[in-house]
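Notebook open, viewer open. I want to go through the strands, the rings and the packing, and jot down what I look up.

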Amino acid sequence: MMNRYLFSFGFLFLAIFSCNSNYTPKPKGYFNITFPEHQYQLFNQHGYPYTFEYPVYANIVKDSAYFDADPDNPYWINIDYPSFNAKIYLSYKTIGGKSIYKVKTGNGYKDSSSINTFDNLRNDAYKITFKHTTKASSIEDSAFITPQGYGGVFFRVGGNAATGKQFFITDTTKHFLRGALYFNDTPNEDSLNIVYDFIGKDMQHMINTVRWR
């Protein structure tokens, strides 16, 4: 009988204690990511109007969506990061050259063409970046000059926008190269921030090693 009373008292004590104790939920965490050492190799493919250095842990891939459908842009490529499920999309335009684009008409879309001026290409780069304002908490643009004397702008997009980093680099007379980092996943600034920073260093290195032909 005494054992039964002791058991009942102990159970009641635990119940009262648990009801009055403060519960602290475990903070939400993310997967631990192991980053490789920053090392680079040269992209120097024959026929391309540019060269640059890119990471040894990334791959150069042609974007078939553009290469199969738009022969006006034969130098558009992607820098693919299979370990991070991410890509840097690179698009190249010749200043003074022609671009083909779609125009909506009453009978559907038709092809049209325009001359690539430096002002138009620069303005388009800003427009494409600021399309993300609905999801972005901030957009910062920083002008730069590379060691080779080429200029451009680097964009940092805060919040849960589809892309967190974009840039363009140009000599203002012939070459215009634009890049944008995208992840093949739902944007989440909290979980992707350290990956953005890691790949951002690669983008800066690529920009500083660009050379035109």
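I started at a strand pairing: T51 stands opposite R211 in β12. The pairing of strand β2 (residues 50–55) with β12 is antiparallel, over 2 bridges. For the record, strands (E, at least two residues) and helices (H or I, at least four) are DSSP runs numbered from the N terminus, and two strands pair if DSSP finds at least two bridges between them.

Ground rules, before I forget. This is a predicted model, where local features need pLDDT of at least 70 and side-chain atom pairs count only at pLDDT 80 or more, while totals for chains, interfaces and linings use all residues. Residues are numbered from 1 along each chain as its sequence is written, and side-chain values use heavy atoms, with hydrogens and water left out.

**Entry: the sheet around β2**

I found Y50 opposite W212 in β12. On the β1 side I got 4 antiparallel bridges between β1 and β2, with Q41 opposite Y54 in β2. The β1 and β2 hairpin has 6 residues between the strands, and its G47 takes a positive phi near 90 degrees.

Put together, 3 strands form an open antiparallel sheet in the order β1-β2-β12. The edges are β1 (40–43) and β12 (211–212), each pairing on one side only. A reminder to myself: strands of a sheet pair through backbone hydrogen bonds, either parallel or antiparallel.

Then I checked burial (buried is under 20% relative accessible area, exposed over 50%, partly exposed in between, with a 1.4 Å probe and protein chains only). In β2, 5 of the 6 residues are buried, so the strand is largely enclosed by the rest of the structure.

How many residues of strand β4 are buried? I counted 5 of 5 for residues 77–81, so mostly covered. I77, I79 and Y81 point one way, N78 and D80 the other, and all are buried.

Strand β3 (residues 59–62) pairs with β4 in the antiparallel sense over 4 bridges. Strand β5 (residues 86–94) also runs antiparallel to β4, joined by 5 bridges. The β4 and β5 hairpin has 4 residues between the strands, and N85 in the turn has a positive phi of about 55 degrees.

**Entry: nonpolar cores**

I used this rule: a nonpolar core is a set of buried Ala, Val, Leu, Ile, Met, Phe, Trp, Tyr and Cys residues joined through side-chain atoms within 4.5 Å. The largest has 33 residues, and those with the most contacts inside it are Y50, F52, I79, Y81, L90, I169 and I199. I see at least two residues each from β2, β4, β5, β10 (163–170), β11 (175–183) and α4. Of these, α4 gives the most, with 8 residues.

I looked up I199 by contact (heavy atoms within 4.5 Å). Not counting residues up to four places away in sequence, I199 touches Y81, F84, A86, I88, L181 and F183. Apart from that core lies another, of 7 residues, including I95, F155, F168 and F176.

**Entry: rings**

My pairing rule: rings of Phe, Tyr and Trp (its six-membered ring) pair if their centres lie within 6.5 Å, with planes under 30 degrees apart stacked, over 60 edge-to-face and the rest tilted. That gave me 24 aromatic pairs. Y126 and F155 make an edge-to-face one, at 5.0 Å centre to centre and 90 degrees between the planes. Y126 sits in helix α3 (residues 118–130) and F155 in strand β9, 29 residues apart. Y126 is partly exposed at 26% relative accessible area, whereas F155 is buried at 1%.

I also noted a cluster linked by ring pairs: F43, Y48, Y50, F52, Y54, Y75, Y92, Y150 and W212.

Is T146 buried or exposed? T146 is buried, at 4% relative accessible area. I found T146 in the loop between β8 (136–145) and β9 (151–159). Leaving aside neighbours within four places in sequence, T146 is in contact with I169, I207 and N208.

G200 lies in helix α4 (residues 189–208) and counts as buried at 6%. I get 9.6 Å, C-alpha to C-alpha, between G200 and R156, which are 44 residues apart in sequence.
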